[in-house]
Amino acid sequence: NSTKGLTQAAIQRCLDLKTGKKVPFGPKLYLTLTKGEFKVIPKNKPKPLKKTGIKIPGQTGPIKIAIKNTPPKNLKKGIYLDYSKLKLPLYVRGKKDGDKFSPFGLKGSKKLQDYFVDKKIPIYKREQILIIVDKNDKIVAIPNYTIDNMFKIQPKTSKYLEISLKKSKL
């Protein structure tokens with residue numbers, strides 16, 4: 001709410017800002033450039049998402065899970081996984097350094113960090129994206145984004161796990 005403490009040097013750093021980076025903007029804020037727009041975000045980091053078990057079937061926070069025996073009519077209206085390939089129990093957590101997975105439709109694995117960069121997900125949003133992992137901490141799905149290729153449904157799949165996520169501001 002004030003320009004107090006905002007120096008010419010800070011303004012110059014903002015003018016030199018590259019997309020996806022952030023610079024201090026006063027004592028409690030950062031300025032970031034995302035998709036050609038400047039955004040002011042608080043310096044306080046959001047609390048990391050803690051690893052929490054997921055009820056199957058059931059609801060855990062914003063995540064709702066159902067087990068289905070018939071194939072979905074429209075794969076674009078939810079997340080569907082091959083139940084037989086899952087190593088239960090499932091958990092939801094935030095991102096961790098070094099996370100890797102095989103995004104749906106791509107060959108090979110990719111660092112989660114690189115996936116976020118490719119999808120142009122702003123840095124300040126990445127900390128709050130939910131990651132679903134199996135008992136071995138392998139990424140199974142990133143709701144609203146993608147699933148791991150290993151868990152995609154096949155013509156022979158007979159049992160499906162349906163995951164839906166309440167819309168969030170992320």
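Modeller: Rings of Phe, Tyr and Trp pair if their centres lie within 6.5 Å; planes over 60 degrees apart count as edge-to-face, those under 30 as stacked, and the rest as tilted. The model is predicted. Phe 101, Tyr 115 and Phe 116 form one aromatic cluster in it, and the structure holds two aromatic pairs.

Colleague: What makes the pair of Phe 101 and Tyr 115 edge-to-face?

Modeller: The centres of Phe 101 and Tyr 115 are 5.4 Å apart, with 80° between the planes. The distance lies within 6.5 Å and the angle is over 60 degrees, so the pair is edge-to-face. Phe 101 belongs to strand S9 (residues 100-101) and Tyr 115 to helix H2 (residues 112-118), so this pair ties together parts that are 14 residues apart in sequence.

Colleague: Why is the pair of Tyr 115 and Phe 116 called tilted?

Modeller: For Tyr 115 and Phe 116 the figures are 6.3 Å centre to centre and 55° between the planes.

Colleague: What is the largest nonpolar core, and what makes a set of residues a core?

Modeller: A nonpolar core consists of buried residues of the listed types, Val, Leu and Ile among them, joined through side-chain atoms within 4.5 Å. The largest one has 17 residues, and Ile 63, Leu 81, Ile 132, Val 140 and Ile 163 have the most contacts inside it. Two or more residues each come from strand S6 (63-68), strand S7 (79-82), strand S12 (139-142) and strand S14 (160-165). S14 supplies the largest share, three residues. A second, separate core of ten residues includes Tyr 115, Phe 116, Ile 131 and Val 133.

Colleague: Which residues does Ile 132 touch beyond its neighbours in sequence?

Modeller: Leaving aside neighbours within four places, Ile 132 is in contact with residues including Ile 54, Ile 63, Leu 90, Val 92, Val 140 and Ile 163.

Colleague: How do you know that S11 and S12 pair?

Modeller: Two strands pair if there are at least two bridges between them. Strand S11 (residues 131-133) and S12 are joined by two bridges, so they pair, and they run antiparallel. Ala 141 in S12 is the bridge partner of Ile 132. These strands form a hairpin with five residues between them, and Asp 137 in the turn has a positive phi of about 65°.

Colleague: What makes S12 and strand S13 (residues 146-147) a pair?

Modeller: Here too there are two bridges, with the strands antiparallel; the requirement is at least two, so S12 and S13 pair. Ala 141 has Ile 147 in S13 as its bridge partner. S12 and S13 form a hairpin with three residues between them, where Asn 144 in the turn has a positive phi of about 75°.

Colleague: Why are both faces of S7 said to be covered?

Modeller: Ile 79 and Leu 81 on one side of S7 are buried, as are Tyr 80 and Asp 82 on the other, so both faces are covered. S7 and S14 run antiparallel and are joined by four bridges, with Tyr 160 in S14 as the bridge partner of Asp 82.

Colleague: Why are S1 and S3 called edge strands?

Modeller: The open sheet has three strands in the order S1-S2-S3, paired antiparallel. Strand S1 (22-24) and strand S3 (37-42) each pair on one side only, and these are the edge strands. The twist averages 30° from one strand to the next. Strand S2 (residues 29-34) and S3 pair over six bridges, and Leu 31 stands opposite Val 40 in S3.

How values were computed: Residues numbered from 1 in each chain as written. Predicted model: local features only at pLDDT ≥ 70, side-chain atom pairs only at ≥ 80, totals over all residues. Heavy atoms only, no water. Buried < 20%, exposed > 50% of the residue type's maximum accessible area, 1.4 Å probe, protein only. Contact = heavy atoms within 4.5 Å. Axes fitted to C-alpha atoms, helices over the stretch in contact; angles between N-to-C directions. Phe/Tyr/Trp six-rings, centres within 6.5 Å; stacked < 30°, edge-to-face > 60°.
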